[in-house]
Amino acid sequence: MIRKDLVFVKQPIKTRAAAIAFIANAAEKAGLLKNKHEFTEVVFRREKEISTSIGHGIAIPHGKTDAVQDAFVSYVGVEKAFEWDTDTKDRVEAVFLIGVPEKNTDTLHLKVISEVSKKLINDEFRRKLFACQTGQEAFVLLDAINQGLKKDKE
Amino acid sequence: MKIVGVTACITGVAHTYMAQEAIEQECKKRGYDIKVETQGGMGIDNELSEEEIAAADVVIMAVAIGIEGEERFEEKEDAGRILTLNPAEVIRDPAAIIDKAISLLK
């Protein structure tokens, strides 16, 4: 569910559009999208309704559409915080892009996404995440949430 | 202090659960009794009973959409004990929102 090929740090990304395009490309490469163009459009439409910057240096753009093959959450840490949108003027240094299919979503996937989202509220967790120097470190940190859930299920 | 809340957002995948966490975390920090029902992509979780709602001092509705079982809160509404806001607001500044909720008691 948390995939290594969708976790990135220190990316030289400077705009919201570039961040979304970057992740959509990675998700397409991972075979998680049926239609990248449509997915990107849905994500932008959502952003225009209301910015998904949540404060704390984090934005959580998301698209719920059948252009998504399998639910996913991707993490991108950027090299330098940038202004996410002109409404909130929030400076964002971490982008969590979430894709979920319109129908038939596996509840385990939703559970993982909701648990990751909850963790972001935690100051301590954010500090650890922002301090990650490599994609591998960030992946291990995020994957621990996933593993924790699996354990709960057993 | 007893607080109950409901969170719900449009997509039902992230804000709903983040708002829950933000409210719970802030209330626990203050030693308040807290229970938050979520209405999201996984359906209704942590559902509030009539008794729990009746016993609450204040209710926080962090909702961006209509919710199921709204009638459960009618009495609290009449008593002026409900704070309604967008889930994003409580994620951004939980302390300010809890302060605002408590100010309903005064």
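The largest nonpolar core of this predicted model has 79 residues, and those with the most contacts inside it are F96(A), I98(A), I113(A), M18(B), I23(B) and I60(B). Such a core is a set of buried Ala, Val, Leu, Ile, Met, Phe, Trp, Tyr and Cys residues joined through C-beta atoms within 7 Å, where buried requires 20 or more other C-beta atoms within 10 Å of a residue's own, the C-beta atoms being placed from the backbone. The largest share of this core, 7 residues, comes from strand 6 (residues 91-100) of chain A, strands being DSSP runs of E with at least two residues and helices runs of H or I with at least four, numbered from the N terminus.

This is a predicted model in which local features need pLDDT of at least 70 and side-chain atom pairs count only at pLDDT 80 or more, while totals for chains, interfaces and linings use all residues. Residues are numbered from 1 along each chain as its sequence is written, and chains are lettered from A and ligands numbered from 1 in the order in which they are written.

Between the chains, 17 residues of chain A are in contact with 13 residues of chain B, contact meaning C-beta atoms, placed from the backbone, within 7 Å. Helix 3 of chain A gives the most to the side of chain A that touches chain B, with 7 residues.

| Property of chain B | Value |
|---|---|
| Helices | 5 helices |
| Strands | 5 strands |
| Box filled by C-alpha atoms, along the principal axes | roughly 35 × 30 × 20 Å |
| Buried residues | 46% of the 106 residues |

Terms used: Buried ≥ 20, exposed ≤ 12 C-beta atoms within 10 Å, placed from the backbone. Contact = placed C-beta atoms within 7 Å.
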